Amino acid sequence: MNSTQKPESKSSPLIHGFTGNINPNKPSKHKILFVDDDSNIINALRKVFRLEPYDILFTTDPREAISIARREKPSVVISDMQMPSLSGVDVFQAISETSPNTGKIILTGHADTDSAIDAINLGQVDRFMNKPWDEGELKRAVNNLIEIYQIRVENEQLNQSLVEKVHELEHFQNELESKIEERLDEIRQVNSLLDQSRKEIKLQYLSAIRVFSNFLELRSPAIASHSRLVADLSRILAQQLALDEGEIQQIYIAGLLHDIGKIGLPDHTLFTPFTSLDGESQTALLKHPVRAQTVFLSLPDMGEISKIIRHHHERYDGHGFPDGLIGANIPVGSRILAVAEDLDELQQGWLADRKLTLKEAAKFVSNSSGRRYDPEVIRALPKALEEYASTPLPNEKLVSAQGLKIGAVLSRNFTGPDGYLWGTKDQVVNGRMVTKFRDGESVIGVAMKIYIFKPQALSNNS
């Protein structure tokens, strides 16, 4: 015990102190806190980590542990479950309020189901280990939680930075309609910055997409809602056509952003059936795919996506715009977007003189197979609509990322907001998956729809 430690009192079992980094060859930037009312356990833990590159904090008083954690912000806390004044769950609940990123490990010699559930749900515990512990397993658990801690801290900083950028962009909205060309230049600049950041961390790529979606939301919630529907249905159509994951991702993003070129157009042009517009308004509307493509020309990673957007109003028979492409010369993503977009716009009353029902709209696009639309895409439409409209089955539960718990079992494949497969059916959710899902949901700002098996369904299958 060094000079910073308080001597052990005869009237109290309290010991607490700071060991420090005793391995000078491995500089430490992380702190580990040990909490146990048994000083022998504390000393055993210190021995296990004596050569690891961490600063070691320890105490036998759980209340003192809360104060230490509040002051020192440890990367990982290892605590006993059963202690005289406060339980390990109580300690972790208090620590989570001030140090939500800290990794948490419960050690106990009295394992039972109820205490384990409380530790995970109330104390937000990451690992649950019995005494006596396996040294190798304990070290691996600590190393794993330190990696997660670093990711959480970096994501927290990233999210704060992105929030500030979004607020700055929203500030320009009041002048958007009167200075649309100036704002498009600013979008290109912001997009260029976000693209560079995206190469450093994938979450920033999702944030760039979210920024553009925010512009659509600010311009018109109706257009933003339409874009999300087109993106979701296009993704399902692409999956029905067995396209690869990269193509599905590009089509999904193109669906989200395909109407970005409409931002500067007045409401009359946007929401009046095309045949009812005057010549000048029709001409302005016909330019929006090309305008949208120019927004993304400075981003190499958006090259294929911008092509999909440019050609999503081409017709299969060659009578579309802007380039009059025919059949397979039209990018497959554009052929898919054409069906998804027209299906929704027919229901919104933006294409026809009246709003059509889903059944009527589906019949309209089906009847135009081979002329306006790719027959292969039309053949995939019924199953895609069925999947899009699906609801949880009796043995399933629908949760958001915030409601997802470690140990849950996915009942369906889950495709993330970036268009890639994040989880497969029957996969057991672990801590890393929960972190990824919650971080992704935080970035996109919309609750995810995750299907999991109900507990009783798992019991029946076992």
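The model is predicted, so local features need pLDDT of at least 70 and side-chain atom pairs count only at pLDDT 80 or more, while totals for chains, interfaces and linings use all residues. Residues are numbered from 1 along each chain as its sequence is written, and side-chain values use heavy atoms, leaving out hydrogens and water.

Two packed helices are described by the angle between their axes and the distance between the axes. Axes are lines fitted to C-alpha atoms, for helices over the stretch in contact, and angles run from 0 to 180 degrees between N-to-C directions. Helices are DSSP runs (H or I, at least four residues), numbered from the N terminus.

| Helix pair | Residues | Axis distance | Angle |
|---|---|---|---|
| α8 and α9 | 221-240 and 245-257 | within 7 Å | roughly 160 degrees |
| α9 and α14 | α14: 332-348 | 10 Å | about 45 degrees |

The angle in the α8 and α9 pair makes α8 roughly antiparallel to α9 (over 145 degrees). The contact (heavy atoms within 4.5 Å) includes Ser-227 and Arg-228 of α8 and Ile-248 and Tyr-252 of α9.

Glu-247, Ile-251, Ala-254 and Gly-255 of α9 meet Val-332, Gly-333, Ile-336 and Leu-337 of α14.

Ile-309 is found in helix α13, residues 303-310. Ile-309 is buried, with a relative accessible area of 0% (buried means under 20%, with a 1.4 Å probe and protein chains only). Leaving aside neighbours within four places in sequence, Ile-309 contacts Ala-254, Leu-257, His-258, Pro-289, Ala-292 and Phe-296. The C-alpha atoms of Ile-309 and Ser-334 are separated by 6.7 Å, although these residues are 25 residues apart along the chain.

Key:
Helices (H or I, at least four residues) and strands (E, at least two) are DSSP runs, numbered from the N terminus. Angles under 35 degrees count as roughly parallel, over 145 as roughly antiparallel, 65 to 115 as roughly perpendicular and the rest as oblique. Buried means under 20% relative accessible area, exposed over 50%, partly exposed in between (1.4 Å probe, protein chains only).
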